[in-house]
Amino acid sequence: MKKIFISCALPYANGPCHLGHLRSTYIPADIYARYNRMVGNDVLLVSASDEHGTPIAVKADNEGKTPMEIATRYHNIIANDLKSCDISFDNFSRTTDKIHYEISQNFFLDLYNKDLIYEKEIQQLYCEDCKKFLPDRYVEGICNHCKSEGARGDHCESCGRHLDAVDLIEPQCLTCGATPVIKKSNHYFFRLSSFQEAIEEYINSNEDMPANVRNYAKNWLKEGLKDWILSRDMDWGIPIPLEGVTGKIIYVWGEAFLGYISSASQWSKHTGEKWEDYWKDETIHFIGKDIIYHHAIFWTSFLKAYGCKLPTNIIAGEYLSLEGRKMSTSKGWVIWVEDFLNSYDCDLLRYYLTVNAPLNKDTDFSWDDFGRRVNDELADVLGNFLHRTFTFTQKFFDSAIPEYKNLNDDDMKFYGQIQDIPDNVGGLISEFKFREGLVQIIKIAKEGNKYFNDQEPWKAIKEDPERAANCLYLCNELSKTIAILLKPYIPQTSEKILNIMNLAIDPNWDDSKVSLEIGHNINKPEPLFKKIEDETIEEEKEKLYKNLETEEKQESGEDTMSDIITIDDFGKMDIRIGNILEAEAIDGSKKLLKLKIDVKEKEIQVVAGVAEKYSPEDLINKKVAVLVNLKPAKLFGVKSEGMILATSDSVALLSPDECEIGERIR
């Protein structure tokens, strides 16, 4: 027996979990953890919600809430999503917990006292309208490497490069849309460059590390490691623990990693066991492809600096696309876990996301393929084999496992396959080849169907009862073996099969090799999988494309409000007369203009889809009717705080020239 520390990448607490999160990280980690528990290893599986950083602060600003309210809301949603998918965490905590603050600040101080963190004056973007320095996620612009629009101040999603906000082309403050200026500010840097050789040795010498992780890390190492900024100018986060330092926090990637340790420490506090014993024996990180360099380079350098043992392995799941397109939460091109589980069993999701492709390759979620695999593989292959085995045992042998003797060559060949499959599947899981292990289970279920058909027990029971008994004995043996081997993959289905077979629902892996007792009684069979109708799949696709169409219309400024409303609904709308002070085009859009509108009590910014009808200069000093209490939103990366009234076909503005600015329309 060995102790194994298994961690999952911390889900970021600014939104629910979608299917991509499960595929890349949480389901693979759970399969590995469940298998190792079954073979007798002592497993500690931990994670936590990542609750600091600028995206949460930005969302809080937009919603008029505190960052803690946002973090708490999504921590609860995420925890429920993961629980609903049977992710068997030993502990799932939060990075806003007191213990995480203590560990993170102590870690920072240790590195600072070793002169591995130093202070340096740098140039940083500053918004003169908001009167504050802008942390990376408060800025968007054009990537200075690949020239893609919408690059964040720290990262470009198009080319994957880590960015410095001051290098962005045409940067904009996300809060107010203003162009920031560059000012000087003192910050703290980690001497990442000092660990170039150590991390190269770690990456090159780890023969078990997956190729996708090793190759990605090597590409970064080729460029040479540069010292890494470890602080931000903002309030939301863990304060820099140095005397006299105010208004600065530890960069989220400087403390989020420690969520693995703080979650484990919380578990130790509750159980009295030492999490350190697990880390020292074997440590496996399960992450997504997008944070390989954070873990393979930054995190390992931190650990080396502190004096900790480096992770045994880092397993990174590649991307999941949706119907052939990249997932986009902003466009509604996404399937949320909660929405999926409202219609389908968790095990169907776990099965499909595992069997669809190896973990180290990108793959696609297709509703058609999902329906096909559920119907063909689970219902027609696995479900059919199990149901026939159990119903024939009930019918011909009064639900008792029959005696077997005088096995022929076909029986012996089939028996050998049953005996071999536990080690085959177990070996694949231990090598992180989760899909390959599941494919082997379905493959032997197909063999079971073929053997069942070849032996024809419905005929043999009359002509050769011994052959029928041998067939049903071996098919029950395989059913028991499959039930146990499925436990890491689809645990609820495994328990259903074991319940039908009247066996313990929490078996060890080697129980799959223990023969059934002759005369053991099974319970009443029941169907395990229900086929998904073609009409249901079509409805799912229509719903998905409708979401995308709605979001694209909203992004382009088209009117999407067509439902009937009540007089009370209308009464909630605050529509006022405004005067357009400024108007300008929005880069990348032929339809949208950015307007600054005076509504007397204040000035608001509105993004309107009127560019094909009006030029910016046509609109200056023009009076318009404007909805002023609309929830702020971003269109083409520009904040919009209201909506002007115009016709939907000709895009003609309403002309309230006889009205006074600030008047409310009733």
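This is a predicted model: local features need pLDDT of at least 70, side-chain atom pairs count only at pLDDT 80 or more; totals for chains, interfaces and linings use all residues.
**Notebook: sheet, helix pair, loop and hairpin**

I began at strand E13 (residues 283-288), where 5 bridges join E13 to E14 and the two run parallel.

E13 and E14 belong to an open sheet of 5 strands, in the order E3-E2-E1-E13-E14, with parallel pairing. I checked the ends too: strand E3 (91-94) and strand E14 (313-317) are the edge strands, each pairing on one side only. Direction ignored, neighbouring strands of this sheet are turned by 20° against each other on average.

Then I asked which strands helix H3 touches. Helix H3 (residues 67-84) packs on the sheet and touches strand E2 (42-49) and E3. The direction of H3 makes about 165° with that of E3. I also looked up helix H10 (residues 292-306), which lies across E13 and E14 and runs at about 145° to E13.

**Helix pair H13 and H17**

I moved on to helix H13 (residues 367-397) and helix H17 (residues 465-485). They pack at an angle of about 135°, and their axes are 10 Å apart. That angle makes H13 oblique to H17. I noted the hand of the crossing as well: left-handed.

Which residues of H13 and H17 make the contact? From H13 I listed Leu382, Phe385, Leu386, Thr389, Phe390, Phe392, Thr393 and Phe397. From H17 I listed Ala468, Ala469, Leu472, Cys475, Asn476, Leu478, Ser479 and Ile482. Sorted by class, the contact has 12 nonpolar residues, 4 polar ones and no charged ones.

**A loop residue, Ala256**

I picked out Ala256, which sits in the loop between helix H7 (252-255) and helix H8 (259-271). Is Ala256 buried or exposed? Its relative accessibility is 5%, so I count Ala256 as buried, the cut-off being under 20%.

I then looked for what Ala256 meets from elsewhere in the chain. Leaving aside neighbours within four places in sequence, Ala256 is in contact with Leu10 and Asp50. I also looked up His52: Ala256 and His52 are 204 residues apart in sequence, yet their C-alpha atoms are 8.2 Å apart in space.

**Hairpin E18 and E19**

E18 and E19 form a hairpin, with 4 residues between them. In the turn I found Lys600 with a positive phi of about 80°.

How many of the 6 residues of strand E19 are buried? I found 5 of the 6 residues of E19 (residues 603-608) buried, so the strand is largely enclosed by the rest of the structure.

**Whole protein**

To finish, I looked up the overall figures. The protein has 21 helices and 24 strands. Along the principal axes, its C-alpha atoms fill a box of roughly 100 × 65 × 40 Å. Of the 666 residues in the protein, 53% are buried. I also checked how far contacts reach along the sequence: among those between residues at least 6 apart, 74% join residues at least 24 apart.

Technical notes
Residues are numbered from 1 along each chain as its sequence is written. Side-chain values use heavy atoms; hydrogens and water are left out. Two strands pair if DSSP finds at least two bridges between them. Axes are lines fitted to C-alpha atoms, for helices over the stretch in contact, and angles run from 0 to 180 degrees between N-to-C directions. Contact means heavy atoms within 4.5 Å. Angles under 35 degrees count as roughly parallel, over 145 as roughly antiparallel, 65 to 115 as roughly perpendicular and the rest as oblique. A crossing is left-handed if the near helix is turned anticlockwise from the far one by less than a right angle, and right-handed if clockwise. Ala, Val, Leu, Ile, Met, Phe, Trp, Tyr, Cys and Pro count as nonpolar, Asp, Glu, Lys and Arg as charged, and the others, Gly among them, as polar. Buried means under 20% relative accessible area, exposed over 50%, partly exposed in between (1.4 Å probe, protein chains only).
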